[in-house]
Amino acid sequence: MDKTKKVYKCPKCGSKNLICFMGFQTGMKYQCLDCGYIGPLKIEETETR
Ligand SMILES: [Zn+2]
């Protein structure tokens with residue numbers, strides 16, 4: 001049984017309120033709803049429950 005789930009965290013403030021934010025020519029970006037960070041970096045974490 002797989003009980004892990006992937007979460008993406010903001011590299012700036014560590015918040016999990018990260019949403020996909022499409023850049024036009026730059027590809028995928030992410031926006032943090034907490035600190036307003038927008039960028040290609042995210043922290044990928046695997047959570048186990
Ligand atoms: Zn943030």
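A residue counts as buried if 20 or more other C-beta atoms lie within 10 Å of its own, and as exposed if 12 or fewer do. This cut-off is applied here to a predicted model.

Strand β1 spans residues 4–9. Of its six residues, the number buried is zero, so strand β1 lies largely in the open. Strand β1 is joined to strand β5 by six bridges. The two strands run antiparallel.

Strand β5 covers residues 43–48 and includes Glu-45. Is Glu-45 buried or exposed? Glu-45 has 12 C-beta neighbours inside 10 Å, and therefore it counts as exposed. Beyond its neighbours within four places in sequence, Glu-45 is in contact with Val-7 and Lys-9. Glu-45 was also compared with Met-1 in position. The two residues are 44 residues apart in sequence, and their C-alpha atoms are 19 Å apart in space.

In a regular strand, side chains alternate between the two faces of the sheet.

A further set of strands forms an open sheet of three, in the order β2-β3-β4. The pairing in this sheet is antiparallel. Strands β2 (18–22) and β4 (38–39) are the edge strands, as each pairs on one side only. Strand β3 comprises residues 28–32. Strands β3 and β4 pair over two bridges, in the antiparallel sense. Within this sheet, Tyr-30 has Gly-39 of β4 as its bridge partner.

Note on methods: Residues numbered from 1 in each chain as written. Predicted model: local features only at pLDDT ≥ 70, side-chain atom pairs only at ≥ 80, totals over all residues. Helix = DSSP H or I, 4+ residues; strand = E, 2+ residues; numbered from the N terminus. Contact = placed C-beta atoms within 7 Å. Pairing = 2+ DSSP bridges.
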